[in-house]
Structures are given as structure tokens and as C-alpha cells.
Amino acid sequence: MLRKLRESKPLQGTLLIAPTLIFMVGLLIIPLMLTAVVSFGKRNSDGGVIYTLTLDNYTRLAGFSTNCDSGAASCFDPLYVNILGRSLTLALQTTIFVILMAYPLAYFIARSSPKRRNTFLFMVLVPLWTNFVIRVYAWMMILRTQGVLNGLLGAIAGVLHIPFAPLDMLYTPGAVLVGMIYEFLPFMILPIFTSLEKIDNSLFEAAADLGANPIRTFFKVTLPLSMPGVIAGTILVFIPVMGTFIVSDILGGRQVILVGNLIQRQFLDARDPTFGSAASLILMVMTLIVTYFYTRKFGFGEEIIAV
Amino acid sequence: MSDFAVELRDVVKTFQTPEGGSVNAVDHLNMKINHGEFFSMLGSSGCGKTTSLRMIAGFEWPTTGEVYIEDQPQGHRPPFQRPVNTVFQNYALFQHMTVAQNIAFGLEMDKVPAAEIKRRVGEALDMVKLGNMGKRAPRQLSGGQQQRIALARALVKRPKVLLLDEPLGALDLKLRKEMQLELKNLQREVGITFVFVTHDQEEALTMSDRIAVMSHGKVLQIGAPVEIYERPNCKFVADFIGDTNFLEGEITVAEKDHLIVFVPKLAGEVHGMGESEFKVGDKAIISIRPEKIRLSEQHTFNQNCFQVKITSSAYIGSDTRLEVDANGVRLKVWEQNHISTLDPRAYHHGEQQAWVTLFPENALVLPAE
């Protein structure tokens with residue numbers, strides 16, 4: 001038996017992937033298929049599922065409501081389309097802002113001395129030691145009407161003798177955006193840093209030697225060579241932001257409902273697993289489509305993920 | 001026309017050490033490089049040759065002193081404003097560009113018209129015999145080919161001076177020898193001044209018009225290969241270039257071109273020649289190359305002839321390399337095998353009595369350090 005194992009590469013391979021394979025089939029593939037089945041079903045009165053084959057949940061998501069004020073049999077209600085659109089917009093905004101903030105920082109860290117570099121990387125990772133939810137609550141303390149930021153602005157206004165009314169910052173799309181940027185920044189800094197750090201210094205010197213000033217060196221050499229890091233970071237940020245509901249739940253309240261919140265509420269509050277399943281699948285498809293077009297254009301940033 | 005292609009005038013480059021001290025990587029260096037010359041800076045690692053080259057390129061600025069290119073002081077001018085180009089040790093090719101894009105890069109930076117770029121890139125590729133490789137990615141090419149692309153990329157800009165930082169170091173021996181000749185021919189063809197940094201003395205001797213031998217941030221000697229080898233001006237240069245034997249002694253006769261040194265270990269006098277100033281009683285060192293010592297079975301001259309015992313002998317094909325013991329002094333002696341024979345009597349072997357003759361014109365007397 002052991003001898004057979006020693007000689008058979010396919011058998012070794014099977015054994016190596018078996019634990020993950022069993023886990024993933026049991027807890028990802030099968031549930032995903034169940035979700036798909038449920039999404040075509042109907043909800044019964046006590047939150048159970050009647051297994052049928054109806055597209056009702058999807059037409060409802062697309063805006064064809066059967067619950068119309070005018071008494072018509074169906075009408076257009078963009079509620080869910082808006083939620084999906086808002087989620088996509090917010091994920092794109094978050095990704096762009098995170099890239100714009102992470103790139104200069106990663107550049108700075110990559111250019112500092114090796115000793116200081118480790119300190120800086122450590123500092124980037126420190127926030128991740130605190131629980132995700134607690135960090136979002138901290139932003140609530142900062143942004144609420146009686147919060148830290150309003151207090152600070154009030155104090156400054158007081159010194160300058162400017163009339164000041166506390167700003168309503170919490171429960172706005174801006175608050176959710178700030179929270180998302182804050183939560184996902186490290187996941188962009190690290191891959192960009194890795195790709196910048198791998199660029200040999202002699203390439204910058206070669207560019208300068210051939211007549212490129214620092215700005216042209218950046219756009220012709222540094223940026224193209226660090227794109228794998230930007231791409232890897234984008235994948236690490238965009239996909240989770242599309243699905244997360246904690247940040248919008250705490251910082252957006254009822255004002256900023258994202259597709260993640262919608263799904264959560266369907267399962268836990270509205271007790272409509274069929275509609276929740278349909279929303280889950282649509283979220284997945286949307287994410288896949290965006291990621292597909294993005295990676296087809298720029299690649300996966302394989303070099304970075306492989307590191 | 002300017003006097004010199006490159007001149008380093010009293011250049012000092014000080015670096016901070018991690019321990020908080022400072023070290024002069026280049027120490028009051030003076031160097032004048034002529035137009036169209038193949039000039040090598042030769043020395044072991046840490047001698048300041050690469051730092052000097054980087055100061056010409058503009059990657060480093062002198063702490064004090066001045067670098068002149070075509071008589072223009074360069075001051076703190078950045079690399080992208082200097083009329084020189086560099087071939088880097090690791091080639092530093094842009095992997096996100098094709099070979100042709102790599103070569104075009106410098107011309108694009110100079111805003112050369114597209115049609116001319118295309119023509120000049122084609123010419124540059126032909127020049128390094130890679131005419132059909134333009135569309136490849138650099139990493140698809142061999143080390144020698146990448147080396148040529150780096151060369152083409154630098155030369156396509158027609159720099160006043162081409163700087164080469166150990167460009168052949170990563171190649172295997174056979175390819176390196178080929179590239180040495182190719183580089184030398186190319187330099188003759190384009191007529192551009194080459195400043196070449198290497199730690200390989202054979203490479204420097206093969207390719208250079210003139211060599212600067214460097215140590216500890218200073219230039220010890222500048223001269224043509226034959227001067228550096230045949231007339232080293234100090235013990236370090238004699239030792240660094242090629243192989244040699246040293247005999248320590250004291251000057252007993254110091255006439256023009258005729259020096260006699262008493263060598264206590266040989267218990268005898270050695271007649272030699274030298275270009276340094278000596279007076280009687282000065283400490284001196286005689287340097288004599290192993291291939292310039294004559295080995296014989298009989299006593300020949302009365303001068304400079306010493307009885308020795310052959311302690312070891314190694315046949316290496318072209319030469320037989322012997323070690324002899326003269327009154328306790330070990331000398332290396334290389335005999336060329338100019339006769340093809342299997343007869344062992346044709347070659348010297350160990351434990352024989354013999355005589356060595358050190359011809360006075362081969363015994364170079366150098367000042368003791």
C-alpha cells in the first residue's frame with residue numbers, strides 16, 4: 001500500500017488535495033447549488049421554501065413589482081436595482097480611492113531602508129489585529145453627531161469664531177465609503193508594495209540614463225512594472241467590498257443599504273430565503289462579470305499572488 | 001573639440017557606513033580619458049571603480065572635486081541630462097517592453113521622430129547581430145543576447161561616452177572571450193569613447209587602449225596594457241596584474257638604469273632596472289615575472305644566477321609551471337613547452353638541482369612600501 005503510494009504521482013496528488021476538496025465540495029459547491037435551487041422556489045408563510053421553478057425572485061430583483069400602489073397587477077419599482085447599482089458604484093469608488101491612497105504609501109515604504117521598511121509594514125498590519133467590527137464601531141464614534149470629528153471641528157470653529165452646527169456624517173454614503181476605504185486599505189498596500197519592491201533599482205537608473213526624467217520614469221517604468229500589484233490588490237479589495245454588509249450596516253444604517261444588507265435581511269428579518277438566494281446569486285454573477293472583464297484586460301497579477 | 005572625453009579632477013566620494021562612520025570610496029581621484037579611447041578601470045571589489053563610473057553617469061555626485069564630460073563640469077546634473085549612456089552589469093532591460101521598445105526607449109525620451117526611431121532601432125539591432133529579434137521579450141533571449149541588447153540600447157543614442165559596468169561578468173568564459181573581441185571591434189567601428197569597469201585583468205589587458213589600476217579609491221597607475229604589465233610602478237600593480245615573484249632587499253648601487261639590490265635571503269646581489277628614484281641604502285623590492293626567469297642545468301652568467309632546487313612541477317599543456325627553492329626563497333618559474341614530445345627528459349621535474357638566471361632587464365626594481 002505504502003509502496004503503491006510512493007510510486008503513484010496521481011495517488012499522491014489525490015491525497016494532497018483531498019481535505020480541501022471534501023471541505024469545498026461539502027461547504028461551497030453543494031450549498032451553492034442549493035442556493036441556486038432555492039432561488040427558483042417560493043416562500044411559504046412561515047419562512048420555509050416551496051420548491052418550484054419560478055423566476056419571480058429574479059423579476060422582483062429586476063424591478064417588476066407585484067405590490068403596486070396604483071392597484072395594477074405589476075409596475076416598475078427600481079428599489080433592488082438601485083441597491084445593486086449602489087453596491088457596484090461603492091465598490092468601484094472604494095477600489096479607486098484605495099489605489100490612490102495605497103500606491104504612494106507603498107511607494108514610500110518600498111523606497112525606504114530595509115530596516116525602516118519592516119517597521120512601516122508592521123504599522124500597516126497593526127490595525128488588522130483589532131476586530132473588523134470593532135474598528136467599524138470606532139468610526140461610528142468618530143463620525144456621529146456628538147462624535148470626535150464634530151467635536152474637533154467645533155473647537156476649531158470656536159477658536160476662529162465661526163458659527164458651527166455639527167455635521168450629519170454618520171448614516172451617509174460618504175461614511176460607508178470612508179469605512180470601506182479604511183478597512184480595505186492594507187489589502188491594497190501589501191501587494192503594491194511587493195510588486196514595487198521587486199523592481200530592481202538598476203531599472204530606474206537605466207531609465208534615467210536613457211534620458212527619462214523622474215515623471216516619465218514613473219509612467220514608463222515604475223507604474224507598468226507595479227501593475228501586477230495593483231491588479232492583485234484590486235481583486236483583494238473589490239470582491240469583498242461588493243459583498244460585505246457590516247460596514248454599511250453600522251455606518252450606513254437604513255440610509256445606505258447594499259446588496260450584502262439586502263441578503264442578510266432576507267434571511268434573518270424578512271425570512272424569505274428564496275429572494276435572499278436570488279440576490280446572492282446575482283451578487284456573485286455581477287462580481288464575476290466585473291472581475292472577468294478586469295482580469296481579461298489586465299491579468300490576475302499572478303506574480304504577486306504567487307509570492 | 002574638447003581636450004578630454006572625460007576628466008575626473010580631484011574627485012572624492014564619501015559614504016556613510018552603517019556604524020556611523022564614513023569612508024572614502026573614491027579618494028582624490030584624477031583621471032583623463034581621451035576621445036575615442038577604450039579606457040578600463042581595473043581593480044578588485046571596493047576599489048572605487050564602479051563608484052567612479054557612477055559619478056560619470058550621474059547616479060552619484062562627488063562629495064568634492066568635479067567630473068567633466070567634454071570639458072563641461074557636470075556638477076549635480078542628473079543622469080538624464082548627461083551625454084553618456086551606461087551598459088549595466090545585470091543589463092537592466094525593461095521586461096515589460098519588447099527588445100525593439102527597449103532600444104527605442106532612449107530615442108523616445110529625446111523626442112526623436114517615429115520614422116527615425118524605427119530606422120535607428122533597426123540599425124542598432126543589425127549592429128549587434130540581432131536583426132530579427134525586435135519583437136521578442138528580453139527574457140526570451142540568452143544572456144549573451146540580452147547583453148547585446150543592453151549595448152544596442154545604450155549605443156543607439158550615440159552618446160559621447162559609453163560607460164560599461166562589468167558588462168561581461170555574468171557570461172560564461174567562452175562567450176565572454178567572444179564578447180570581448182566583439183566589443184573591442186564595435187568600439188573601433190563606432191569610435192565612441194568606452195569607459196569599462198572590470199575586475200578581470202585579462203579582460204582589461206585584451207580590450208583596453210589604456211588601463212587605470214585602482215585600489216582603495218585611488219589610481220595607482222594609468223597606462224597601456226603593455227606598460228601596466230611590463231613596467232608596473234609599484235608592488236601592488238605588479239602583484240595585481242599577472243603573476244610575479246618578489247625579492248626584498250636594499251639598494252647598493254643606484255646609477256641611471258642600473259640598479260643593484262642586495263637580497264639578504266639569496267645572500268647575493270641582483271642587478272635590475274627601474275624607473276623610480278633610488279639612492280644607496282633604500283629598501284627596494286624586485287619584481288620578476290615567472291615566464292621571464294630562465295631555468296638551466298648549468299651555471300650561465302656570473303650575474304643574477306642562483307642555484308636552486310626544483311620543488312614542484314606542473315605540466316599544464318602550454319607551459320610547465322615550476323616552483324623552485326633558491327636558498328629558502330620560493331620562486332615561480334614558467335617554462336613554455338615549445339617542443340612537442342612525450343620524452344619526460346624534456347620537462348623539468350621535482351628534486352633536481354638547477355640554476356635560475358634573472359636577466360637584469362626583467363628584474364624590475366620597485367620602491368618598498
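In this predicted model, 67% of the contacts in chain A between residues at least 6 apart in sequence join residues at least 24 apart. Chain A is built from 14 helices and four strands. With a radius of gyration of 25 Å, well over the 19 Å that the globule rule gives for 307 residues, chain A is more spread out than a compact globule. As for burial, 32% of the 307 residues in chain A count as buried.

One helix of chain A makes a handy worked example. Helix α13 of chain A covers residues 273-298, which is 26 residues, and at 1.5 Å a residue it should span 38 Å. Just after the helix comes A:G299, whose phi is positive, at about 85°.

Next, the place where the two chains meet. Here 15 residues of chain A are in contact with 17 residues of chain B. On the chain A side, the elements giving two or more residues are α9 (201-209) and α10 (214-243). Of the elements on that side, α9(A) gives the most, with six residues. Sorted by type, the chain A residues that touch chain B come to eight nonpolar, three polar and four charged.

Now for chain B. Its secondary structure comes to eight helices and 20 strands. Along the principal axes, the C-alpha trace of chain B spans about 75 × 50 × 45 Å. Of the 369 residues in chain B, 40% are buried. If we take the contacts in chain B with a separation of 6 or more, residues 24 or more positions apart account for 66% of them.

Part of chain B folds into an open sheet of four strands, in the order β2-β1-β4-β5, with antiparallel pairing. The edges are taken by β2 (22-33) and β5 (72-73) of chain B, and each has a single partner strand, so one side of each is left without a neighbour in the sheet. Strand β4 of chain B, residues 64-69, pairs with β5(B) over two bridges, in the antiparallel sense. To pick out one bridge, B:Y68 has B:P73 in β5(B) as its partner. Lying across β1, β2 and β4 of chain B is helix α1 (residues 49-57) of chain B, which runs at about 115° to β1(B).

B:A5 sits in the segment before β1 (6-16) of chain B. B:A5 counts as buried because it has 25 C-beta neighbours inside 10 Å, and the cut-off for that is 20 or more. Beyond its neighbours within four places in sequence, B:A5 is in contact with B:I33, B:N34, B:H35 and B:E37, among others. The list of contacts of B:A5 also takes in B:E70, B:K160, B:V161 and B:T193. For another pair, B:A5 and B:L107 are 102 residues apart in sequence, and their C-alpha atoms are 22 Å apart in space.

Notes: Residues are numbered from 1 along each chain as its sequence is written. Chains are lettered from A and ligands numbered from 1 in the order in which they are written. This is a predicted model: local features need pLDDT of at least 70, side-chain atom pairs count only at pLDDT 80 or more; totals for chains, interfaces and linings use all residues. A residue is buried if 20 or more other C-beta atoms lie within 10 Å of its own, exposed if 12 or fewer, and partly exposed in between; C-beta atoms are placed from the backbone. Two residues are in contact if their C-beta atoms, placed from the backbone, lie within 7 Å. The expected span of a helix is 1.5 Å times one less than its number of residues. The radius of gyration is taken over C-alpha atoms; the globule rule is 2.2 Å times the number of residues to the power 0.38. Ala, Val, Leu, Ile, Met, Phe, Trp, Tyr, Cys and Pro count as nonpolar, Asp, Glu, Lys and Arg as charged, and the others, Gly among them, as polar. Two strands pair if DSSP finds at least two bridges between them. Axes are lines fitted to C-alpha atoms, for helices over the stretch in contact, and angles run from 0 to 180 degrees between N-to-C directions.
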